[in-house]
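The following report sets out the computed features of one structure. Please consult the sequence and the coordinates alongside the text.

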Amino acid sequence: MAFFDYNETISVLEAIGENVFIVDAELDIVWINQYATQLITKLNRYLPVDSKEDMIGKNIAMFHAEEEADPKKVLSEGPFPYKKQINLFNRYTANIVINPLYKNDKINGYVLTWKDVTSYEKKLTDIRDAMNESTILTIVNKKGKIVYVNEKFTELSKYSKDELIGQDYWVLNADYSDNFYNELFKCITDGEVWKGEVKQLDKEGAEFWVHSTVVPFKEEEQPYLYVAIQQDITARKRAEELLNKSEKLSVLGELAAGVAHEIRNPLTTIKGFTQLLPTKDMYKQIMLDEIEHINMIVNEFMMLAKPHAVSYVPVNINEIIHYVIHFLEAEAHLKGINFQFLHGNESVYINGDDNQLKQVFLNVFKNAIEAMPDGGNIFINIRNEEDKVRISIRDEGVGLTSDEVKKLGEPFYSLNKQGTGLGLMMTFKIIENHEGYYDVSSSKNKGTTFYITLPIYLSECQRDL
């Protein structure tokens, strides 16, 4: 069969806007169209030809990598039209369609149509790379076991791929009710797409949030694979929590202002009449002291509504801690708790308010006592760090989870059933007002360490040095 005798067929093939090759039964090229000539120009540095004429007589196999199957063997098996995608020299990607040419009912050659999808494949690669950079991708088999995760997932979860492959898909999820899992599982096994926001825990126990879309892939109407596409929404969730906290603080501030105002008016009257009492015994003084204590608490409440100016003076942090320990010693002794205060002989001064700082240590020490229902030790240590003093308070109590640590100081959040969460919230606020900062380290059943860092007071002479 002489292919070039079919002028009408060849004119049609020449007009096709794709690369067309005609080969004989041995896959030797006998004709190519003009578009295929352009392909030669693109790939001439990789091919032993540089013109259309040079292509004639060459075997089409020169386009195939050595590791690929023998094209002649593949074509002899069919079926037709035969379709395949090939990548040439990492430069050119084509979808190939091969149809046989017959003479006397025998295959006498083939027409190969190559559609250039290089730019399309590059776009797909770019899209895939972009998704891998921004999207968490997990593939799960029908038994619910993880079979694939991308790098983004391992970065967020802090697990390696080897640690995740083969694990149950729910291994990272925080505690949810059985009803939640049953509804999700029913949705995807019915072949429907499930969408929702899910809280998960990384390898270290820290929580993160993802918006998850679970897509079932079906075969004969039955799901056989599930693809979970997720976005990290942890930052948004935390912003929502902060906004919620801010709204609570605003409501609490208004409430505190109203309560403080209502208490302060009758308190002023009580204090005035108490001072007018003719007696001068100790009971009168105790009453006046307690009235002053109530007034101080009212002032603390007013801080929630509107911060007020406080006159800071140099105060000895060692003396403040000793005072609070002495104040709580009787209660601690009854509960089998001992204070271990480790500090040097040198006094450490900070610029602050004596009463407010006493309130800070009172709240922290009382929390430590409540965390040790069976008794134990509270270790207090003071260490100077350049121009700051770092105070650590460590208990031997029940400890906290990472989630509980994050919520400390939130209004109305307390691990004590009778607590309101306002004590620690005020504690953190006072520390911040003193230009200090705090952090908490804790492990469940291993105790909690509360760190307070405050700037050391420097006299004029010291500052000049």
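## An exposed loop residue and a buried one

Aspartate 105 counts as exposed, at 77% relative accessibility; the classes used here are buried for under 20% relative accessible area, exposed for over 50%, and partly exposed in between, with a 1.4 Å probe and protein chains only. The residue sits in the loop between strand E4 (92–103) and strand E5 (106–116). Its phi is positive, about 65°, although aspartate 105 is not a glycine. Most residues other than glycine have a negative phi.

Leucine 27 likewise has a positive phi in a residue other than glycine, with a value near 70°. This leucine is found in the loop between strand E1 (19–24) and strand E2 (29–32). Leucine 27 is buried, with a relative accessible area of 2%.

## Basis of the values

The model is predicted: local features need pLDDT of at least 70, side-chain atom pairs count only at pLDDT 80 or more, and totals for chains, interfaces and linings use all residues. Residues are numbered from 1 along each chain as its sequence is written, and side-chain values use heavy atoms, with hydrogens and water left out.

## Overall composition

The protein contains 15 helices and 17 strands. These elements are DSSP runs numbered from the N terminus, helices being H or I of at least four residues and strands E of at least two. Of the 465 residues in the protein, 37% are buried.

The accessible surface comes to about 27,900 Å², and 52% of it belongs to carbon and sulfur atoms. Accessible areas come from the Shrake-Rupley method with a 1.4 Å probe, and for residues only the protein chains shown count as cover. Among contacts with a separation of 6 or more, 55% are between residues 24 or more positions apart, where contact means heavy atoms within 4.5 Å.

## Nonpolar cores

The largest nonpolar core has 39 residues, and those with the most contacts inside it are Ile321, Phe361, Phe365, Ile380, Ile391 and Ile393. Such a core is a set of buried Ala, Val, Leu, Ile, Met, Phe, Trp, Tyr and Cys residues joined through side-chain atoms within 4.5 Å. Elements giving two or more residues to this core include helix H11 (317–334), strand E14 (376–385) and strand E15 (388–394). Helix H12 gives the most, with eight residues.

Leaving aside residues up to four places away in sequence, isoleucine 380 touches Ile321, Ile325, Phe339, Gln340, Phe341, Leu342, Phe365, Ile391, Ser392 and Ile393. Another core, of 25 residues, lies apart from the one described above; among its members are Val23, Val49, Tyr82 and Leu88.

Leucine 201 stands opposite glutamate 207 in E9. Five residues lie between the strands of this hairpin, where glycine 205 takes a positive phi near 90°.

## Salt bridges

The model has 14 salt bridges, each being a side-chain nitrogen of Lys or Arg within 4 Å of a carboxyl oxygen of Asp or Glu. Glutamate 197 forms one with lysine 237, their closest N and O atoms being 3.0 Å apart. This pair links distant parts of the chain, with glutamate 197 in strand E8 and lysine 237 in helix H9, 40 residues apart. Glutamate 197 is partly exposed at 31% relative accessible area, whereas lysine 237 is buried at 15%.

Aspartate 354 and lysine 358 also form a salt bridge, with closest N and O atoms 2.9 Å apart. Because these residues are four apart in helix H12, they are separated by about one helical turn. Arginine 383 pairs with glutamate 385, and here the closest N and O atoms are 2.6 Å apart. Both are partly exposed, arginine 383 at a relative accessible area of 42% and glutamate 385 at 30%. Salt bridges that share partners join Glu197, Arg236 and Lys237 into one network.

Note on methods. Two strands pair if DSSP finds at least two bridges between them.
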